[in-house]
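Here is a friendly tour of one model, with a look at a pocket and at some aromatic contacts. Please have the structure open as you read.

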Amino acid sequence: MTSVRLGLLGVLLGLGWACDDGGGGAGDAAPGDDAVVTADMRAGEIDGGGQPDGARPDGSRPDGSPPADAGDAARPPVDALVEDARVGDASGEDAAGRDASVEDAAVDATPDEGVSPCPDGRRPRPEICDGVDDDCDGAIDEGLGLADACEGIGRCGVGFIECDDEGGVRCSTDPGGSTSQAGVERCNGVDDDCDGVTDEDPNAFAQACYEGLPGTEGVGECRAGTRVCVDGRLGECVDQRVTSPEVCNGRDDDCDGSTDEDQAAGEQACGQGVCREASTPGGCVGGREVACRPGPPTGDDADCDAIDDDCDGRVDEGYAPLAGCGVGVCADRARPGRCEAGIEVPCAPAPPAQNDLACDGADDDCDGRTDEDYQPVTCGTGVCREGAQASACVGGVERICMPGPPDGDDADCDGRDNDCDGRVDEGYRPVVACGDGVCAQNPQPSRCDNGREVPCQPGLPIGGDLDCNGVDDDCDGRTDEGYVVDRSCGRGVCAANALPSFCQDGVATPCRPGPPAAAVDDDCDGLDSDCDGVIDDEVVRLIGGEQRITDHGLGAIQPSLARSGDTYGLVWSDNRDASAELYYQRLDQAGQPVGAAVRLQLIAGAKLRPTIAPDGAGGFGVAWHNTRTGRAQVHFARIAADGSILVPDLRLVETQANAFNPRIDFNGEDFAIVWSDQRTGTDQVRLQRLSAVGVPLGDALVVSQGEEPATVPTVAHRGAARAVAYNIDRQGDFDIVLQPVGADGAPQGARQIVSAGMGNSNAPTLAPSPNGWAVGWYDTRDDNTEIYAALAGANGARIGAEIRITNDLRPSFLPALVAAGGGYGLAWSDRRTGNDEIWFQHLDAQLQPFGQPERISVGPDASFGATVVYTAGTFALGWYDRRHGPDEIYFGLGPIGCAPPAP
């Protein structure tokens, strides 16, 4: 910016008197001449040196004439030479396209010619930046570079050239400019006020400072210092005075408002004893230290007053104690008087003994007498002590005791030491034999107890002579009189006909079982005829053994079995198609598969919990729940007697909630399907009736009553009557409920709670009874899962007590109950062998177990989900089994042991 300013100054000085062509011919100049001259006279563009007409930087001419700003009288004639100049582009044309060149002209003009180029007749003067044509050349403020870009001083940035208030030019961002960026000078190493000097007066930024403790500035010796500007920032605090430790100098060094306060207490006492007590303290006095002075002594320390009277550091060292006091040994052992901690303790006799027992010639109890309490001593033991001469004390010398003579050998039991050896009756000889039988074998001999003889005691009997050993065990003089005959040998009929044991001369002949009644126990007479410990164990269980229905190795579960006419129908959930699908298998009355298994329908979704019932025409109805909508919904299908599908898929539920775990029943007129339904926000049991051909009859009705969640329902019929059993959850306590329903499927009467145990009752199974219903379930009330059953009347109320069917240390669960002639058949999963297997139990008309429980599945792995059907003395069972790895469906058919007799 400095170079720009110098160039502009040179232009102003160099313009001098160069106004026009000297002939007053301002009007002769071609249009644009002013612009030509102005453009050619910018700094650094005229004569190559930035000075027009050869003017020097100071404004003088090369010939030595005075500079342009000298007085008018001193100005000589001026030759004005205007060279060719062009504005615009290189062709010399101006903005109008005309030739703006001006021929060289020289004009002599002198002041005394009386001719002025200025309109007002004044003399021309050098052009300055004031908005006036000072040199009267027709152009205003020409050649000053106005509006050109410029750089301001210091922090003032880029601006443009403009006039200042004194006729000169400045950068618009400099101080006073139209866009001034000048600020207040700060201590930051920057020219903030744009005057060309940075931080020009360091003291101008000086700040008071104080780094002492708050509240001490201006107190005592403490005063503030100053920070000045150094290298663009405030420097350290100098010339300050902060707190310092107080010393004895008459000044407030620690600036707390007090002077020498920590020095005023010097040594407050000096010397020893009373001299210290009377000492004059030292300390800080008038800003200087004064030493402590001890006082004078007051005595020679002969009295016992605990005071150091002579100031030698010892107390009562001149005290002389009094010695000698008391009587007898108390005077001999007296403690002399003494001075103790300033208190005089007088002479004290030694304590006397309690008595004067010792024969020593001394007054031990200090009563003025000697040996007055001596006690004579008696010596010897036993009878020798009784005749002894006691000791005596004579003149302080003891005469010893003399014992008497002994009187016997101590063989009698009299409690005296006759031989004077310190023992009593040690020569006694006990009696060692007494009693009869085994009691004489181990008697307790007689003994001498404190001079009293305890006679010999016989031993104890070892029994009631019950065993045959030829010994008098009960010590009554007789042998084996209590022998008990053994009749408990053999099993079954062999035990009933056993020959009892007998005892002769101390030798027992054992019990001998009778002969078996039959070689094969298959007569169902309730007896163990072949004596092997199992009743009727050779009765046929399954005809042909277990039959494997599926064999694809991909998983098949949840079978359901029914019989219609001469055909069995078996449905299950099968995973052979990579999803849970329903498959159906026809079986003939011998349990043999008829054709291949058939997939019931092809729609999407997992098909689970299938249930099957006969349709009264040789075919079947099937229900299940499907999850293809993202929630479980109940569906129905009907299968013809030949296995063809009549109704492939009828959706019974259209809700946004789950409907699941269906069970189906056919009473000869219509189907009834029950399930758990969540459409109201809590689990309810609903029932839907369908005609024999599978047409819905009305809407699904709510069967469960009460506010508790109701789940896992099942349904059965007895003639035209129906009932539904289900679980209710009473805040974590599960019970079994039985609810009769009418012909329209609506509940009849109040619900009846069948289970009454304290444990959880689950998974009800339902069958008709002659006068009502039979209900089974599994229960946890016995700290183990066991199978229970109960009878109920036609109104659902329980008749009598619940009956516990299983009683094993391992769980039994998931029962399936079926009415069978005059009784019932019950199948379930049981873990009593350490592995989950299917077991079966006959029940009589009162639900009491009959015969032995029969194990149905015999695989090496778990079996679950038994389903059972009864027809004319034959039971058919289905289950799923994983003995081959993945779950597979199995089937069994047979009488399964012995059924109870008809009631």
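What volume does the largest pocket have? The largest pocket has a volume of about 1300 Å³. A pocket here is an open set of points on a 1 Å grid over the protein atoms alone, fitting a 1.4 Å probe, with protein on both sides within 12 Å along at least five of seven lines; lining residues have an atom within 4 Å of a point. The volume is the space filled by probe spheres set on these points, which are joined across faces, edges and corners. The lining has 44 residues, and those closest to the pocket centre are Arg 663, Thr 714, Thr 765, Ala 816 and Thr 867.

This is a predicted model: local features need pLDDT of at least 70, side-chain atom pairs count only at pLDDT 80 or more, and totals for chains, interfaces and linings use all residues. Residues are numbered from 1 along each chain as its sequence is written, and side-chain values use heavy atoms, without hydrogens and water.

Now to the rings. The whole structure holds 10 aromatic pairs (Phe, Tyr or Trp ring centres within 6.5 Å, using the six-membered ring of Trp). Phe 636, Phe 666 and Phe 671 form one aromatic cluster.

Two arginines sit over tyrosine rings (CZ within 6 Å of the ring centre and within 35 degrees of the ring normal):

| Arginine | Ring | Distance to ring centre |
|---|---|---|
| Arg 576 | Tyr 583 | 4.1 Å |
| Arg 883 | Tyr 890 | 4.4 Å |

Terms used: Phe/Tyr/Trp six-rings, centres within 6.5 Å; stacked < 30°, edge-to-face > 60°.
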